[in-house]
Amino acid sequence: MQFFGGSEISPSPPVPTTTGNNAHMMYVFNRNGVCLLYREWNRPLHTLNPQQDHKLMFGLLFSLKSLTAKMDPTSADKGNLGVPQLPGQGCSFHSFRTNTYKLSFMETPSGIKIILVTHPRTGDLREPLKYIYNLYVEYVAKNPLYTPGTSIRCELFNTALDQYVRSIA
């Protein structure tokens with residue numbers, strides 16, 4: 001069973017509509033902020049150690065989610081800034097762009113957060129992020145040898161992920 005419909009992974013995954021985009025890196029966090037997976041494809045400069053990098057990225061997501069919920073013009077009950085919200089609750093963001101990269105984000109109802117950092121000209125990546133989540137469900141979550149909350153060390157998932165990222169890059 002797939003989270004986003006259908007019963008199996010589609011043989012032809014969705015592809016972004018822009019050309020020349022490059023995936024730089026991807027993070028997968030659980031609801032507690034534990035980095036389950038970090039992959040790099042095109043990151044020329046390393047400025048932080050991995051633990052600092054993961055904490056900084058999760059903190060950025062937490063802050064942006066909190067800010068977007070507080071700024072929501074359609075909700076009268078905004079809660080307190082910094083108080084975590086349940087997935088799907090309130091206003092949320094999907095991506096932001098700088099002059100050097102674009103960060104695309106998806107959070108599932110189970111609290112899995114997938115972040116893909118790409119070239120700034122990359123188009124909407126909501127469908128590709130859903131496809132990556134479906135890969136996660138098929139190869140990781142359904143794997144009886146995987147212990148939830150631990151690092152993802154599944155060769156089938158890594159291979160499928162690398163092939164898909166190369167197809168959208």
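Two strands pair if DSSP finds at least two bridges between them. The exercises below apply this to a predicted model.

**Exercise 1.** Find which strands pair with E1, and in which direction they run relative to it.

*Solution.* Begin with strand E2 (residues 35–40), which is joined to E1 by five bridges, the two strands running antiparallel. Within this pairing, Met-26 stands opposite Arg-39 in E2. E1 and E2 form a hairpin with five residues between them, and in the turn Gly-33 has a positive phi of about 85°. Then turn to E5, which is joined to E1 by six bridges and also runs antiparallel to it; here the bridge partner of Phe-29 is Lys-113 in E5.

**Exercise 2.** Decide whether strand E1 is largely enclosed or open, and say why.

*Solution.* The step needs a cut-off: a residue is buried when its relative accessible area is under 20%. In strand E1 (residues 23–29), seven of the seven residues are buried, and therefore the strand is largely enclosed by the rest of the structure.

**Exercise 3.** Describe where Thr-122 lies and whether it is buried or exposed.

*Solution.* First locate Thr-122 in the loop between strand E5 (113–118) and helix H2 (126–141). Next, its relative accessibility is 0%, so Thr-122 counts as buried. Finally, the side chain of Thr-122 makes a polar contact of 3.1 Å with the side chain of Thr-118.

**Exercise 4.** Name some buried residues of H2 and say what covers them.

*Solution.* The buried residues of H2 include Pro-128, Leu-129, Tyr-131 and Val-140. Among the elements that cover the buried residues of H2 are E1, E2, strand E4 (102–107), E5 and helix H3 (155–168).

Notes
Residues numbered from 1 in each chain as written. Predicted model: local features only at pLDDT ≥ 70, side-chain atom pairs only at ≥ 80, totals over all residues. Heavy atoms only, no water. Helix = DSSP H or I, 4+ residues; strand = E, 2+ residues; numbered from the N terminus. Buried < 20%, exposed > 50% of the residue type's maximum accessible area, 1.4 Å probe, protein only. Polar contact = N/O pair within 3.5 Å; in protein donor to acceptor, adjacent residues only side chain to side chain. Contact = heavy atoms within 4.5 Å.
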